[in-house]
Amino acid sequence: PGGSPGDLEPLSLEQQTYWGMAYGSGLDVILPVTATTDVFTYTGFASHPQLSADGRYLAYIYYVPGSGKPDYGPLLRNVRAGETYTQALEGEANGISFNPAGDQLAYSNADQICKANLDGTQPACFGDTRYFWGWPHWSPDGEWFLFYSNRASGSSVTNLFKSRVDGSEL
């Protein structure tokens with residue numbers, strides 16, 4: 001703080017474990033926030049991991065490069081049961097976050113902000129295809145979203161927005 005950044009230094013395995021980063025040639029992921037080490041391997045890239053408030057579920061986005069077909073989407077892992085399954089969400093879901101006050105998740109699919117049950121059922125979305133809407137985050141009480149969009153500018157400039165989870169009071 002208050003000074004210039006120092007030189008970059010590689011993180012030790014212990015530091016990587018602390019921050020929940022991938023390690024090894026297989027890019028295995030360690031999840032320190034679950035109170036136990038949970039190592040699982042997935043072919044491809046995993047990004048934007050989010051843990052549910054109760055620590056039961058982990059959601060992340062996967063991408064398999066060079067597969068010759070679109071191989072991309074959300075995965076949901078039941079950490080306690082050790083099971084991972086593909087999540088059925090509308091569009092190209094990204095930016096998944098869990099409702100801290102209930103069993104729902106939110107996500108963006110580029111032109112909408114959506115919420116759904118953990119199994120992907122009962123999706124409810126708002127947005128406008130003329131704009132980009134991105135990565136919703138829930139308020140602690142589960143009543144509001146904070147997200148970014150180019151809605152106000154109509155260009156590549158993005159701004160932060162707050163709305164009720166149904167899109168009202170934007």
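In which strand of the protein chain is confidence lowest, and in which is confidence highest? Mean confidence is lowest in strand β1 (residues 22–23), at 54, and highest in strand β13 (residues 159–164), at 93. This is a predicted model, in which local features need pLDDT of at least 70 and side-chain atom pairs count only at pLDDT 80 or more, while totals for chains, interfaces and linings use all residues. Residues are numbered from 1 along each chain as its sequence is written, and side-chain values use heavy atoms, with hydrogens and water left out.

**Confidence**

- The protein chain has an average pLDDT of 78 (the predictor's confidence in each residue, from 0 to 100), and 76% of the residues score at least 70.
- Where pLDDT is low, the predicted coordinates should not be read in detail.

**The sheet β7-β8-β9-β10**

- Four strands (DSSP runs of E, at least two residues, numbered from the N terminus) form an open antiparallel sheet in the order β7-β8-β9-β10.
- Its edge strands, β7 (94–98) and β10 (124–127), each pair on one side only; two strands pair if DSSP finds at least two bridges between them.
- From one strand to the next, the twist averages 20 degrees, with axes fitted as lines to C-alpha atoms and angles running from 0 to 180 degrees between N-to-C directions.
- Strand β9 (residues 112–117) is joined to β10 by four bridges, and the two run antiparallel.
- Opposite Ala124 in β10 stands Lys115.

**Residues with positive phi**

- Most residues other than glycine have a negative phi.
- Gln122, although not a glycine, has a positive phi of about 55 degrees, and its place is in the loop between β9 and β10.
- Gln122 counts as exposed because its relative accessibility is 63% (buried means under 20% relative accessible area, exposed over 50%, partly exposed in between, with a 1.4 Å probe and protein chains only).
- Trp135, in strand β11 (residues 133–138), is a residue other than glycine with a positive phi near 40 degrees.
- Trp135 has a relative accessible area of 29% and is therefore partly exposed.

**A nonpolar surface patch**

- Phe45, Tyr63 and Tyr72 make a nonpolar surface patch of about 300 Å², the area coming from the Shrake-Rupley method with a 1.4 Å probe.
- Patch residues have over 30% relative accessible area and no salt bridge; like charges are joined within 9 Å and nonpolar side chains (Val, Leu, Ile, Met, Phe, Trp, Tyr) within 5 Å.
- A salt bridge is a side-chain nitrogen of Lys or Arg within 4 Å of a carboxyl oxygen of Asp or Glu.
- Phe45 is found in strand β3 (residues 45–51) and is partly exposed because its relative accessible area is 45%.
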